Amino acid sequence: MAKKRVQTKAKRPQLSDAEIPVVGAREPCPCGSGRRYKACHGRAAAQAVTELVQRPFEGLPGECDWVALRELVPAATVELPLKGGLPEGVPSVTLATVLPMAWPALRRDDGSVLIGLQNDTASGDISRDLADTLQQALAAQPGTPVQGRRAPADGPRLQDLLDPEGAFEPVVHPGFEFWVPDAENATPEVTASLERANAAAIPTVKLTGVDSAYWCETPDKNHLRWVMPHPEEQLLDALARLHAAGRSSLGEGTRLVGSFRAHGLIVPVWDLPSGVGAEDVEKPAAEFAERLAAALATDAPLTADERRARGGLTNRQVTLS
């Protein structure tokens, strides 16, 4: 009788977590383990998607401004310092609110990197997703955009890649001309794209006298939106004390109307008359910061009026993320 041939199996190529595509839950996992996707790499993917990191920018310099640029500011850029300095051939890394074509990132012809902050992310941890995009951009060929993907569940976060001692200084732009190095000599197609994007941008100015406060202009009225780092319950109590005492406004015709909750932080919002510009609220905002600091230092129980004020502010709170 003929001998049975010993069967051998070719060794499967090893794939990193980021290279393993998403398939149906009951399909074999593309990693070659022989298990169903949902019981293998799909488990980590599902966990990464469902587990929301409440404060993804916590620990980064300028956490409040990260939140503002993610949720409130249409056109802004920030130079990002990396741990250990910039790699060879990368003259700069710049965070941008949005990029053309909604690209997650772009490696320019000169090797510089642009990272888009307001893109959709694949998991519940914006910091991990952005860090993965940054690593892709640093490795990309000059002159190419970076496409979105699912970041490895155990991949680095921004807190691991950025210099913790580096400054975070947003520059707010009136439009999106920062998309192209030479906007004045751009092609007609690029010019038309810029004009459309600029037309949709709400005029926004960052105040200079206080941290993370942004004035914006809308057709009916103007607003001040101020991202604050204080714990939510403590901040709402302090705002309620000031509101009940009639000391929560920023001057005549202005009023505190509510707040946003975004990425674990509270963003109080004031309505301003249409004639009140950013420079007009610089001094009132600085004075309000002093009143708020005193209210935050108070630990006495809220009075009945203060509890009613707090309830009103809480009822007018909107969660952005």
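Is A102 buried or exposed? At 54% relative accessibility, A102 counts as exposed, where buried means under 20% relative accessible area, exposed over 50%, and partly exposed in between (1.4 Å probe, protein chains only).

The model is a predicted one, in which local features need pLDDT of at least 70 and side-chain atom pairs count only at pLDDT 80 or more, while totals for chains, interfaces and linings use all residues. Residues are numbered from 1 along each chain as its sequence is written, and side-chain values use heavy atoms, with hydrogens and water left out.

1. The loop between β2 and β3. A102 is found in the loop between β2 and β3; strands here are DSSP runs of E with at least two residues, helices are runs of H or I with at least four residues, and both are numbered from the N terminus. Phi of A102 is near 55°, a positive value in a residue other than glycine. M101 belongs to the loop between β2 and β3 (105–107) as well. The phi of M101 is also positive, at about 60°, although M101 is not a glycine. With a relative accessible area of 70%, M101 is exposed.

2. Strand β2 and its partners. In a regular strand the side chains alternate between the two faces of the sheet. In strand β2 (residues 93–96), V93 and L95 point one way and T94 and A96 the other way, and all are buried. Strand β1 (residues 76–79) pairs with β2 in the antiparallel sense over three bridges; two strands count as paired if DSSP finds at least two bridges between them. T94 in β2 is the bridge partner of E79. The pairing of β2 with β4 is parallel and extends over four bridges. There, L114 in β4 is the bridge partner of T94.

3. S123 is located in the loop between β4 (113–116) and α3 (126–139). This serine is buried, with a relative accessible area of 17%. Its side chain makes a polar contact with the side chain of D129 at 3.1 Å. A polar contact is a pair of N or O atoms within 3.5 Å; within protein, one must be able to donate a hydrogen and the other to accept it, and residues adjacent in sequence count only if both atoms are side-chain atoms. A polar atom of the S123 side chain also lies 3.1 Å from the backbone nitrogen of D125.

4. The six-stranded sheet. Six strands form an open sheet of mixed pairing, in the order β7-β8-β9-β11-β10-β12. The edges are β7 (204–206) and β12 (317–319), each with a single partner strand, so one side of each is left without a neighbour in the sheet. From one strand to the next, the twist averages 25°.

5. β7 and β8 run antiparallel and are joined by three bridges, with T204 opposite C216 in β8. Their hairpin has six residues between the strands, and S212 in this hairpin takes a positive phi near 60°. Four of the five residues of strand β8 (residues 213–217) are buried, so β8 is largely enclosed by the rest of the structure. β8 is joined to β9 by a hairpin of four residues, and five bridges link these antiparallel strands. N222 in β9 is the bridge partner of E217. N222 also stands opposite L272 in β11. Strand β9 (residues 222–226) and strand β11 (residues 265–272) run antiparallel, joined by four bridges.

6. Helix α6 against α8. Helix α6 (residues 232–244) and helix α8 (residues 304–315) pack at an angle of about 115°, with axes 8 Å apart. Axes are lines fitted to C-alpha atoms, for helices over the stretch in contact, and angles run from 0 to 180 degrees between N-to-C directions. The crossing is right-handed, a term used if the near helix is turned clockwise from the far one by less than a right angle. Among the residues that meet are L236, L239 and H243 in α6 and A309 and L313 in α8, contact meaning heavy atoms within 4.5 Å. The residues of this contact divide into six nonpolar, two polar and six charged; Ala, Val, Leu, Ile, Met, Phe, Trp, Tyr, Cys and Pro count as nonpolar, Asp, Glu, Lys and Arg as charged, and the others, Gly among them, as polar.

7. Helix α6 against α7. The axes of α6 and helix α7 (residues 282–296) come within 9 Å and cross at roughly 115°, again in a right-handed crossing. The residues that meet include L235, A238 and L242 in α6 and F288, L292 and L296 in α7. By class, this contact has eight nonpolar, one polar and two charged residues.
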